[in-house]
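Here is a friendly walk through one model, from its helices to its ligands. Have the sequence and the 3D view side by side as you read.

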Amino acid sequence: MDPKNPGLLAYLHPAMATVCLLLCFVVLRQGLAQRRARLRKTPAPAGNLKRHSSLGPWAVGLFLASLVGGLGSAVALREWAPLGTWHGRLALGAAILFGAVWLLGRKLLDNHKALANTHGVLGLLALFLAGVAAMLGLSLLP
Ligand code: HEM
Ligand code: HEM
């Protein structure tokens, strides 16, 4: 593979990651609806928590897969050193935060309610970091 002309395969990671970010955004909106209900002591939308806690692991899993895909694409198709870009480093930071969000989410489901705020704030931070990484990713497109 010529790293100067990596072909259409180099767009696979950006396309998959974009879908993943949209999914993360949906999950964040569900989480924020839970937060509103918690703070206002009103009932959350019916089925919202169930949808949030079943879609959440998919979003985090896809994010980790996107990280591996990006690294694979950079090394195999573009012949770059791994984590040589700020896009990759910020994405790694976001992935670590998403991992913590996942762990806290599991604890929340086990009724450790005091962790709700930390889970939510870390989720927001992770998606913000991922968004900045995605912007930087645009400049890496072939
Ligand atoms: C990975 C699997 C996930 C599980 C199992 C999970 C689980 C939960 C649960 C049980 C709550 C309700 C907390 C309460 O009792 O009020 C919650 C709230 C929330 N989640 Fe998740 N979640 C997950 C992923 C995510 C992700 C990926 C995000 C962000 C992108 C996110 C953002 C939020 C937010 C903002 C809240 C509101 C927290 C608050 O009340 O302050 N969650 N989540
Ligand atoms: C889910 C979010 C994302 C994650 C976790 C992620 C992760 C990564 C990682 C780790 C690399 C390797 C670069 C390095 O090691 O420094 C990479 C490469 C790359 N990323 Fe991302 N990225 C994400 C989103 C995006 C988006 C939204 C775009 C474009 C719009 C993008 C475009 C690229 C490009 C062009 C490369 C070079 C490899 C290739 O051409 O396929 N990434 N990404």
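## Around ligand 2

The largest contribution to the shell around ligand 2 comes from α2, with eight residues. Helices here (H or I, at least four residues) and strands (E, at least two) are DSSP runs, numbered from the N terminus. Please keep in mind that this is a predicted model, in which local features need pLDDT of at least 70, side-chain atom pairs count only at pLDDT 80 or more, and totals for chains, interfaces and linings use all residues. Residues are numbered from 1 along each chain as its sequence is written, while chains are lettered from A and ligands numbered from 1 in the order in which they are written.

Ligand 2 is surrounded by 32 residues, of which A17, G70, S73, G88 and G137 are the closest. Two or more residues of this shell come from each of α1 (12–40), α2 (48–77), α3 (86–109) and α4 (116–138). A residue belongs to such a shell if its C-beta atom, placed from the backbone, lies within 6 Å of the molecule. Sorted by class, the shell of ligand 2 holds 21 nonpolar, ten polar and one charged residues. In this scheme Ala, Val, Leu, Ile, Met, Phe, Trp, Tyr, Cys and Pro count as nonpolar, Asp, Glu, Lys and Arg as charged, and the others, Gly among them, as polar.

## Around ligand 1

For ligand 1, the shell has 29 residues, and the closest are G31, G56, G105, G120 and G123. Again α1, α2, α3 and α4 each give two or more residues, but here α1 gives the most, with eight. The classes are 15 nonpolar, ten polar and four charged residues.

## The chain as a whole

Let's step back to the fold. The chain has four helices and zero strands, and its pattern along the sequence is α-α-α-α. Its C-alpha atoms fill a box of roughly 60 × 20 × 20 Å along the principal axes.

Of the 142 residues, 25% are buried, meaning that 20 or more other C-beta atoms lie within 10 Å of their own; 12 or fewer makes a residue exposed, and anything in between partly exposed, with C-beta atoms placed from the backbone. Among contacts with a separation of 6 or more, 71% join residues 24 or more positions apart; a contact means C-beta atoms, placed from the backbone, within 7 Å.

## The nonpolar core

The largest nonpolar core contains 19 residues, and C24, F63, A94, F98, V101, A126 and A130 have the most contacts inside it. Such a core is a set of buried Ala, Val, Leu, Ile, Met, Phe, Trp, Tyr and Cys residues joined through C-beta atoms within 7 Å. Helices α1, α2, α3 and α4 each supply two or more of its residues, and α3 has the largest share, six. Beyond its neighbours within four places in sequence, V101 is in contact with V60, H119, L122, G123 and A126.

## A closer look at α3

Helix α3 has 24 residues and reaches 34 Å from its first C-alpha to its last, close to the 34 Å expected at 1.5 Å a residue; the expected span is 1.5 Å times one less than the number of residues. Its buried residues are H87, G88, A91, A94, L97, F98, V101, W102 and G105, and they pack against α2 and α4. An α-helix has 3.6 residues a turn, so residues three or four places apart point the same way.

L103 also lies in α3, yet L103 counts as partly exposed because there are 14 C-beta neighbours inside 10 Å. After α3 comes N111, with a positive phi near 80°.

Technical notes: Contact = placed C-beta atoms within 7 Å.
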